[in-house]
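Here is a short briefing to read alongside the model. It begins with the chain as a whole and then turns to its core and one of its helices.

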Amino acid sequence: MPSSVGIPGTKTHSKANAVSAIVVSYNVCDLLHGCIASLLEQDVSSQVIVVDNASSDGSARMVRDRFPSVTVIESEENRGFGWAVNRGAARLSRCWASAG
């Protein structure tokens with residue numbers, strides 16, 4: 001029987017249904033809200049990490065206020081997509097992730 005993974009505020013699922021997502025953002029607050037909401041609505045146990053590339057539109061604050069289970073990493077400058085993905089990957093609690 002597969003062992004289960006639990007994320008606070010979500011259902012408990014088997015490891016086969018566990019997903020990690022790294023979301024890189026830069027001044028896309030409204031789109032980011034929709035993206036995270038969609039990820040968290042899925043019938044899987046999710047670890048979501050947002051790496052904010054120095055947005056000035058309140059993206060990081062919105063994530064912290066509306067999605068407390070999501071990890072937010074704020075960069076003081078926009079160092080690009082690859083750098084942000086690597087920064088998010090360093091915080092993963094699972095072996096596999098999807099970035100976008």
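This is a predicted model: local features need pLDDT of at least 70, side-chain atom pairs count only at pLDDT 80 or more; totals for chains, interfaces and linings use all residues.

A residue counts as buried under 20% relative accessible area, as exposed over 50%, and as partly exposed in between, using a 1.4 Å probe and protein chains only. Residues are numbered from 1 along each chain as its sequence is written, and side-chain values use heavy atoms, with hydrogens and water left out.

**Overall fold**

- The protein chain has three helices and six strands; these are DSSP runs numbered from the N terminus, with helices (H or I) of at least four residues and strands (E) of at least two.
- Along the sequence, the pattern reads β-β-β-α-β-α-β-α-β.
- Contact means heavy atoms within 4.5 Å; among contacts between residues at least 6 apart in sequence, 65% join residues at least 24 apart.

**Nonpolar cores**

- A nonpolar core is a set of buried Ala, Val, Leu, Ile, Met, Phe, Trp, Tyr and Cys residues joined through side-chain atoms within 4.5 Å.
- The largest one has 13 residues, and those touching the most other members are Leu32, Ile36, Val50, Met62, Val63, Phe67 and Val70.
- At least two residues of this core come from each of helix H1 (29–41), strand E4 (45–53) and helix H2 (59–66), with H1 giving the most, four residues.
- Not counting residues up to four places away in sequence, Val70 touches Ile36, Leu40, Val48, Val50 and Val63.
- A second, separate core has seven residues, including Val24, Ile49, Ile73 and Val85.

**Val63 and helix H2**

- Val63 lies in helix H2 and is buried, with a relative accessible area of 0%.
- Beyond its neighbours within four places in sequence, Val63 contacts Leu32, Ile36, Val50, Pro68, Val70 and Val72.
- Val63 and Ile36 are 27 residues apart along the chain, yet their C-alpha atoms are separated by 8.4 Å.
- The buried residues in H2 include Ser59, Ala60, Met62 and Val63.
- These four residues sit on the same side of H2 because they cover an arc of only 160 degrees around the axis, taken from the directions from the helix axis to the C-beta atoms.
- Exposed Arg61 and Asp65 are on the face of H2 turned away from its buried side.
- The cover over the buried residues of H2 includes strand E3 (18–25), H1, E4 and strand E5 (71–75).
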